[in-house]
Amino acid sequence: MEIKACIFDLDGVIVDTAKYHFASWRRMANELGFDFKSKENERLKGVSRMGSLNLILEWAGVEKTEEEKKALAVKKNDWYLEMVENMNSDEALDGVAKLLDTLESKNIKIALGSASRNAELLLKKIGLHSRFEVIIDGNKVTKGKPDPETFQKAADGLGVEAKHCIVFEDATKGIQAAIAAGMYTVGIGNADVLSKANVVIPNFNNISFDEILEIMAATTKS
Ligand code: B16
Ligand code: MG
């Protein structure tokens, strides 16, 4: 299997913005007289802003008009933007910049495949925007994860066939999307949660790209 491109999810893979999404959604839920914990929050990972709001309203048993939903989504996003306001390059997750260097040195193409409409802003804040040849975010797709559109568009933009792409993802919906796109999947995080991924690593600390390729080769032989 020859790998020609790597497609990265953003939140939970490049940067730990998941905690800010969680905090801002929880603040919104609390205002509605409802609360949810990290177990439920897991189901919001990789889900679009409106998709997340709909799920939270469903859990809360609260009905809102489309206009009210739009206003709630704007409010949540404003809180989220306040929280990420001061992010800088220190907040790129450990090992990410080094991995991008390695990929560049091996002429492996790099793309982003994120559900976030704030993806470009965040990449600029952490100083990694220029490292991505193609950026597919929530503004550029009509069907979010687990639909494969995000990753298919990223691969098309790079001009690389799906079978030559690795996707790095922290969300089950993202792993499903990458599998549906016919790509090799590396889960970042908890192996129990990401059991559908070809391989799961806790993070990019202490693992090189060659080691990831070795694990892939070993797991795809069997
Ligand atoms: P925004 P990813 C996703 O980013 C997050 O995991 C998810 O929690 C969030 O709701 C979604 O982006 C939309 O984010 O409100 O910024 O448009 O993991 O796909 O990079
Ligand atoms: Mg994610």
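Me: This is a predicted model. Which exposed residues sit on the face of H5 turned away from its buried side?

Reply: Lys-98 and Ser-105 are the exposed residues there. To be called exposed, a residue needs over 50% relative accessible area.

Me: And what makes one side of H5 the buried side?

Reply: Start with who is buried: in H5, which spans residues 96-105, that goes for Val-96, Leu-99, Leu-100 and Leu-103. Looking down the helix axis, these buried residues fall within an arc of 100°, so they line one face of H5.

Me: What comes after H5?

Reply: Asn-107 follows H5, and its phi is positive, near 60°.

Me: How do you know that E3 and E6 are edge strands?

Reply: Take the strand order first. The sheet is open, has 6 strands with parallel pairing, and reads E3-E2-E1-E4-E5-E6. Strand E3 (134-136) and strand E6 (199-201) each pair on one side only, and that makes them the edges. On average, neighbouring strands here are turned by 20° against each other, ignoring direction.

Me: What makes E2 and E3 a pair?

Reply: Pairing takes at least two bridges between the strands. E2 (residues 109-113) and E3 are joined by 3 bridges and run parallel, so they count as a pair. Within this pairing, Leu-112 stands opposite Ile-135 in E3.

Me: Which strands does H5 touch when it packs on the sheet?

Reply: H5 touches strand E1 (5-8), E2 and strand E4 (165-169), and its direction makes about 155° with that of E1. Helix H8 (residues 172-180) packs on the sheet too, touching E4 and strand E5 (184-188), with about 170° between the directions of H8 and E5.

Me: What does the pair Asp-11 and Asp-170 tie together?

Reply: Asp-11 is in the loop between E1 and helix H1 (18-31), while Asp-170 is in the loop between E4 and H8, so the pair ties together parts that are 159 residues apart in sequence.

Me: Why is Asp-11 called buried?

Reply: Buried means under 20% relative accessible area. Asp-11 has 14% relative accessibility, so it counts as buried. Asp-170, with a relative accessible area of 7%, is buried as well.

How values were computed
Residues are numbered from 1 along each chain as its sequence is written. Chains are lettered from A and ligands numbered from 1 in the order in which they are written. This is a predicted model: local features need pLDDT of at least 70, side-chain atom pairs count only at pLDDT 80 or more; totals for chains, interfaces and linings use all residues. Side-chain values use heavy atoms; hydrogens and water are left out. Buried means under 20% relative accessible area, exposed over 50%, partly exposed in between (1.4 Å probe, protein chains only). Helices (H or I, at least four residues) and strands (E, at least two) are DSSP runs, numbered from the N terminus. The arc is that of the directions from the helix axis to the C-beta atoms. Axes are lines fitted to C-alpha atoms, for helices over the stretch in contact, and angles run from 0 to 180 degrees between N-to-C directions. Contact means heavy atoms within 4.5 Å.
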